[in-house]
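This briefing concerns one protein chain, shown below. Please keep the sequence and the coordinates at hand while reading.

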Amino acid sequence: MNILGGDIMSIPGLYQYIQETVKRQVASLYHWPQTLEIPILDASSVAVKKPVGILHVKVIRAIKLLKKDILGASDPYVKLSLTGERLPSKKTTIKKKTLNPEWNEKFKLIVKDPELQVLRLQVFDWDKVGTHDRLGMQMVPLKLLVPYETKEFTLDLQKDTNISDSQDKRNRGKIEVELTFVPFKEDSIKFSSKCSGSLDSFGKKESRIDRASEEGTPGGAGLLLVMVHGAEDVEGERHNNPYASVLFKGEKKKTKMLKRTRDPLWNEEFQFMLEQPPLHEKIYIEVLSKRSGFIFPSKEPLGHVEINLTDVVHNGRINQKYHLINSKNGMIHIEIKWKTV
């Protein structure tokens, strides 16, 4: 700023004053971004965290959903999942041609960290051809929940988690859900101190769940944890690329395949959620070898074991090695835990 050939900005203190004045004037013209911080469970920490309870979710209804179809109706359904998990999302049924669907459907999700994990709810419009349009989504941090207390939420659906996105501010409707976090019995003590405290505007406190009598959380419900540690001296006639297959109540799960070894170490855990203790159930575990490529037969059984779960229910845990049936010297190391709510 030159006046009569001199730079008046050299006057002490004037430069800083003018700079601050310009900043205030420019700042008043801006719409500053807003942020919503959603804590995401670090993937590296998930591997070491163990389940501490079960989240009971009841998807009740949605209200005044966004119109996507030309005829003014949609075929909505809801996908729900917890952050920090790689498990497939759970889904409600599809309600045909409605913008005000009612589901009243119940789901159970395994919780590993109620202080950090967040429930993700996404409403989609089902389409027979092409991708399904997302009508809206919302997130609920589990730290808002008090153990054993059912809390009802009525949530405004958003386009995404970026609430400062001003490009699409259309009303996307609401979704109503009921949430209850039920810790496993051995973890109940550490959550008891958190049972008091105020509830924020996300929802309202409904009722305290009775652990044994509530229909949604029967006293015998729990989680069966099966850890396949490894095997020893498993030997195939044609190849040694072993993996383990776990079969329980018609549900099959597999470990990763390890190539060219007779002593595989998997250290993989599988989870089965049950309504009643598996007192009279057995679990079937088989070790197989698989050869890649178009070779028949590609799979070769290396031995199996069938474990009665009665001792697991009574003792809470077993951890031992079993001789593999139909294997000369093969052994498998299995650890099984039963956690009740």
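The model is predicted. Its protein chain holds four helices and 19 strands. Of the 341 residues in the chain, 44% are buried.

**Chain as a whole**

- The protein chain exposes about 19,600 Å², and carbon and sulfur atoms supply 51% of that area.
- Among contacts in the protein chain with a separation of 6 or more, 67% are between residues 24 or more positions apart.

**An open four-stranded sheet**

- Four strands make up an open sheet, arranged in the order S14-S13-S16-S17 with antiparallel pairing.
- S14 and S17 are the edge strands; each has a single partner strand, so one side of each has no neighbour in the sheet.
- On average, neighbouring strands of this sheet are turned by 20° against each other, with direction ignored.

**Pairing within the sheet**

- Strand S13, residues 242-248, runs antiparallel to strand S16, residues 282-290, and six bridges join the two.
- Val 287 has Gly 303 in S17 as its bridge partner.

**Residues with positive phi**

- Most residues other than glycine have a negative phi.
- Which value does phi take in Lys 249? It is near 50°, which is positive, and the residue is not a glycine.
- Lys 249 belongs to the loop between S13 and strand S14, the latter covering 251-254.
- Is Lys 249 buried or exposed? Lys 249 counts as exposed because its relative accessibility is 54%, and the cut-off for exposed is over 50%.
- Asn 267 likewise has a positive phi, of about 50°, without being a glycine.
- Asn 267 is located in strand S15, which spans residues 265-274.
- The relative accessible area of Asn 267 is 48%, so this residue is classed as partly exposed.

Technical notes
Residues numbered from 1 in each chain as written. Predicted model: local features only at pLDDT ≥ 70, side-chain atom pairs only at ≥ 80, totals over all residues. Heavy atoms only, no water. Buried < 20%, exposed > 50% of the residue type's maximum accessible area, 1.4 Å probe, protein only. Contact = heavy atoms within 4.5 Å. Areas by Shrake-Rupley, 256 points an atom, 1.4 Å probe, with all protein chains shown as cover. Pairing = 2+ DSSP bridges. Axes fitted to C-alpha atoms, helices over the stretch in contact; angles between N-to-C directions.
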